[in-house]
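Here are my notes for your first look at this model. Keep the structure open beside you and try to find each place as you read.

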Amino acid sequence: MNPTAHVPNVRHSQSGFQRVTDFLRNWTLPVAMLTGGLSYWTYSHIPVFASTRPFVTKAVAVVQPLLIFMMLFLTFCKVDFRELRLRKWHLWLLLFQGGAFVFLSILLGFFPDFSAGVIVEGAILCLICPTATAAAVVTAKLNGDSAGLTAYTLLINLMVALLVPIFVPLIHPHAELSFLGSFFLIISKVFPLLICPLFAAVIVRKYCPKTHVLLTQHKNLAFYLWAVALALAIAVTVRSIVHSHTPFLYLTGIAAISLICCIIQFYVGHSIGRHYGCPIGAGQALGQKNTVLAIWMGYTFFTPVSSIAGGFYSIWHNVYNSWQLYLKRKEKCRAVSDSHAVSS
């Protein structure tokens, strides 16, 4: 008997597994969103699970920020801080994000009964949300300044950790807490989530080099954590929509404002970056968002239904990124074709 007789079947099964893996990697966003939405719908419609719902709600409230922490920690572990340096476009992007957030927060603080306040909250989430952990990957594929983008990711996370505890109490003050009480309550949730991963990564790099090497070898681990976190975030967002009494017009308005914010931020980022010779890096830094964090901030600190702005934004920026990557692949194919034509 030929010992290699069954090799084609093995190769075929491996090829099929690879096709499934490639499909999930290429379509992670819709798969994660569909999984999250269907999971909540199925779970909420099975009566036998009714008694477990309070426990699951508490569990998700713990798991969600833990996943965000791990995503940021793994991202920062891959950063060589000695190679990072400030760019001039960093300052302009920080001023844009921070200025827009402060302006809209003060506006809602002065007009707390504004009828379209939840739409403004959606805009606030889309504008202040930090850069996505996967933005460096997309930037590198587009031949952009991935090091500059990584440096901006650190800066914007620091700024969010400082600004959110100061201005969110203006929008949603706690009746039983003073301003300082609200400030410390929010900073106790935001600071560990955004800043502690940075400190943890520095400590692991310096004092646990073997662990650091082991973590950086798993290049796709943060990607899979992101997929799980996104599915959970969408499930929580769907729950907010189902249990809210927000009119359909407002939901449409949140979807529209998230699209407008996406267009504006990519445009502003590209424009500022072009002035400094870095349109791709600056565009991705401002336009590609950590939407899982936006959704979490929405149902944690704002009106819960405003968190769907992060869900819609994740669609818009991924559609735009897909278009950019398509153009890049088309450009490479054209270059290869032209080189073959010249050589022949």
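1. Start with a polar contact you can find by eye. The backbone oxygen of Ser146 lies 2.9 Å from a polar atom of the Thr150 side chain. Thr150 belongs to helix H7, which covers residues 146–171.

2. Stay with this threonine for a moment. Is Thr150 buried or exposed? Thr150 is buried, because its relative accessible area is 15%, and the cut-off for buried is under 20%. Apart from neighbours within four places in sequence, Thr150 is in contact with Val79, Leu84 and Ala136.

3. Now move along to Val168, also found in helix H7. Val168 has a relative accessible area of 1%, so this valine counts as buried. Leaving out neighbours within four places in sequence, Val168 is in contact with Ile186, Phe301 and Phe302. Another residue to look for is Gly109: Val168 and Gly109 are 59 residues apart in sequence, and their C-alpha atoms are 9.1 Å apart in space.

4. Phe301, one of the contacts of Val168, is also one of the buried residues of helix H14. That helix spans residues 291–301 and is mostly covered, with ten of its eleven residues buried. Among them are Trp296, Met297 and Tyr299.

5. Next, look at a pair of helices. Which angle do helices H9 and H10 make where they pack? The angle is about 120°, and the axes are 5 Å apart. H9 runs over residues 196–207 and H10 over residues 209–217. On the H9 side, Val204, Arg205, Lys206 and Tyr207 make the contact, while H10 brings Pro209, Thr211, His212 and Leu215. Sorted by class, this contact has four nonpolar, two polar and two charged residues.

6. Step back to the whole chain. The model has 15 helices and zero strands. Of the 344 residues, 45% are buried. Among contacts between residues at least 6 apart in sequence, 80% join residues at least 24 apart. The chain exposes about 18500 Å², and carbon and sulfur atoms supply 71% of that area.

7. Finally, please remember that this is a predicted model. Its mean pLDDT is 83, and 89% of the residues reach 70 or more. How many contacts beyond four places in sequence does the model have for residues 1–8? The number is zero, and pLDDT stays under 50 over this stretch. Where pLDDT is low, the predicted coordinates should not be read in detail.

Methods. Residues are numbered from 1 along each chain as its sequence is written. Side-chain values use heavy atoms; hydrogens and water are left out. Axes are lines fitted to C-alpha atoms, for helices over the stretch in contact, and angles run from 0 to 180 degrees between N-to-C directions. Helices (H or I, at least four residues) and strands (E, at least two) are DSSP runs, numbered from the N terminus. Contact means heavy atoms within 4.5 Å. Ala, Val, Leu, Ile, Met, Phe, Trp, Tyr, Cys and Pro count as nonpolar, Asp, Glu, Lys and Arg as charged, and the others, Gly among them, as polar. Buried means under 20% relative accessible area, exposed over 50%, partly exposed in between (1.4 Å probe, protein chains only). A polar contact is a pair of N or O atoms within 3.5 Å; within protein, one must be able to donate a hydrogen and the other to accept it, and residues adjacent in sequence count only if both atoms are side-chain atoms. Accessible areas come from the Shrake-Rupley method with a 1.4 Å probe; for residues, only the protein chains shown count as cover. pLDDT is the predictor's confidence in each residue, from 0 to 100.
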